[in-house]
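Work through the following exercises with the sequence and the structure open beside you, and try each task before reading its solution.

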Amino acid sequence: MGSTMSKTFSRRDPITDPISLDRLGLSHDEVIADYRLAFASRVASLIGRKEVLTGKAKFGIFGDGKEIAQLAMAKAFRPGDWRSGYYRDQTFMLAAQMLTFEEFFGQLYADTDLVADPASGGRQMGSHFASRFLDDQGLFLRQVELKNCAADMSPTASQMARLLGLAYASKLYRNNPSLSSAADGFSVNGNEIAFGTIGNASTSEGVFFETINAAGVLQVPMLISVWDDGYGISVPNSLQTVKASISKALAGMKTDADGGLDIHVVKGWDYLGLIETYASVAHKMREDHVPALIHVIEMTQPLGHSTSGSHERYKSAERLTFEEEFDPIRLMRQWIISEQIATSEELDQWEIEEKQGVEAIRKKAWNTYIDPIKAERDEVLALLPSGLDAIAEELANPLELNRRLIQSSLVRAVFATRDPALADYLSKYKQRNNDRFNSHLYSRSIESPLQVKSDPATYSANSEVVDGRIVLQRCFDHQFEHDPRSFVIGEDVGKLGDVNLVFEGLNEKYGDLRVTDTGIREATILGQGIGAAMRGLRPIVDIQYLDYLLYALQICSDDLANLHYRTAGGQKAPVIIRTKGHRLQGIWHTGSPMGVVLHACRGVYLAVPRNMTQAAGMYNTLLRSDNPAILIEVLNGYRIKETVPDNVGTFTVALGVPELLRKGADLTIVTYGACCRIALDAAGDLEAMGIDVEVIDVQTLNPFDIGHTLVESVKKTNAVVFLDEDVPGGASAFMMQQVLEVQAGWQFLDTGPRTLSAKENRSAYASDGEYFTKPNREDVVEAVYAILSERRPKDFPKF
């Protein structure tokens, strides 16, 4: 930088660009309180880094260098607002009174007590913030009375997708009159702003640009702050962003008569400029719902990216000098002295007090964390019988005391002594730790889908026989009519009514805010739904084909699937992902990557109905419950005739309950989706050969057979085939593991289990491509006959 530093990093001129304290409504006392908080936050960063380097904490990533901008953002943040952010926002969280220093250190130490770490109960790294907007029963609190923070994530820019949805909810609450009663506790006329924060380098991610574009189209109150410290770990802006500036790169999106994005640039050390910018932008957003981006430049990162490395390795001496000279706390201190708000001596004294105060809190937080573990250790030591000196010594004088050591010591002691009392204690201790570390992947509230019992479809002489799509259309029509919180968004679902015409006529009936077309942007379609669901709405997000869900898989896996888990039950987003797959033509329209979705998205229920009536019953179940779910409709089933239930909008299908489609005695076929029809057709062929096959539709892959009923069929037939159209070893292997291992079905087999799946490659577009790629009727017949030939070769000889 050299001689150009003064031009590149010039301070705002108070003469040509004056901002007074009076103009901003700031008193000297408030300025001093802000400085003390910013300084204390820096002290916490420094102490936190030390705790990691000395081994008390595992990893540290802190908000050093970002303090002053975050003070300003906090002043614009109101009850009812939302933050969807970046893991360096500790000063904002402290200033907004959404975090205490005790909680900051509690999370750093990974304290599993929710009092110590209410954000995650020890499940998230430090500086991954969240507020709790659910009560102890898993039900929504009154968000309008809270300052709300969606749970942070480490994957860069992934917070952007649901940020869009948090802002979109404000638009719906303001512009959809039918939501007036449903808004109670969630919105006040859509005045709430969704504040997003992101690092400069993370703006290179595709989901950031997708979110920015969608916000500009939708015109929602979304305020993104870009904390720009010039680097993404070691990579400078010049290699990250066109023109080395995200605000310059987005200049074409700037607000004009055609809409767009309100873009501002302000310096990260400019205390008054930051406060004025955030205040004015937030005021405009609350009134007009114009999305905005505040590019905060000239920021520093004095401690480097994290405790895993040193920035001295990649920053030049000149840049390191800048980091020191333009430290925002240093410059704020100079400004306070120059404006005679406080003297240097007064600031010195306050800084001493803040250092002492933060260190005292750290000690208390450490004791709060370690004392219960010591008590558990002491309890185990008292239980250990004599003769286990090595185990006792390791427990009494450990290099590091933790629950892992306690439990592993107990396991060794139990095996050494075979003591029933000690084994019983170990069992209970394991359960306590299981609750600490593995609970809340799925909803346990009274609104859980598992609490919705089956209410069968009913029919009468007047029930219509229609294309399957009409059954779904009637189901959604009923839902939209009776629940104003429900809506659907997706590509082509609005004016066209979906590529399969499932929503035909519903846009005209319910309007653009209920049956809504979106751009081609799967990640933010899902994010739009996640954010809206977090704010009490009931979105259905339509992913046009199952193959396209891969665009949104990262958001589904890293955000939606573990949201309830990573907040230890503090947050939920009951969004329903509607998509279609299995059977059609072409490489990208015949997808059944069930294993991918199933394993990447544990925490999200996975429903795989065989027809549209079953799908409707599952939608009815999911729309009255609170766990997120993916429902995959059979793509070639929309024109197959089905009978419309008289209770099409209210009947329910219980999740995790398989359905027996055909009784049999010789062999069990376990399957789902489009393969159900194939299995039944094959069963008819096999019956003519004297083979009696039982066919069971699992209905949902997750939850999977919660009553363990499938093993009863295997116990009867002593043979099983797991049939699906995923790749070999995909969902078929999962089903086999569940039945043979979890349900102990292996012991009832008198022949090896089989899986019958698709080929490894995708389906060709050719007319016969699906037949030769995915399991067909003849494949099933051959596979079953081969098993019966092994078991009863005289009756079914090989040929």
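Rings of Phe, Tyr and Trp, the last taken by its six-membered ring, pair if their centres lie within 6.5 Å. The model used here is a predicted one.

**Exercise 1.** Find which residues form one aromatic cluster, and how many aromatic pairs a search of the whole structure finds.

Solution. The search gives 29 aromatic pairs for the whole structure. One aromatic cluster is formed by Phe476, Phe480, Phe503, Tyr510 and Tyr619.

**Exercise 2.** Classify the aromatic pair of Trp366 and Tyr369, and then the pair of Tyr785 and Phe796.

Solution. Begin with Trp366 and Tyr369, whose ring centres are 5.4 Å apart and whose planes make an angle of 50°. Planes under 30 degrees apart count as stacked and those over 60 as edge-to-face, so the rest, including this pair, are tilted. Both residues belong to helix 13 (residues 344-383), where they are three residues apart, about one turn of the helix, and both are buried.

Tyr785 and Phe796 are both buried.

**Exercise 3.** Decide where the charged ends of Lys315 and Lys572 sit.

Solution. For Lys315, the charged end lies over the ring of Tyr231, at 5.3 Å from the ring centre. For Lys572, the charged end lies over the ring of Phe140, at 4.9 Å from the ring centre.

Terms used. Residues numbered from 1 in each chain as written. Predicted model: local features only at pLDDT ≥ 70, side-chain atom pairs only at ≥ 80, totals over all residues. Heavy atoms only, no water. Helix = DSSP H or I, 4+ residues; strand = E, 2+ residues; numbered from the N terminus. Buried < 20%, exposed > 50% of the residue type's maximum accessible area, 1.4 Å probe, protein only. Lys NZ or Arg CZ within 6 Å of the ring centre and 35° of its normal.
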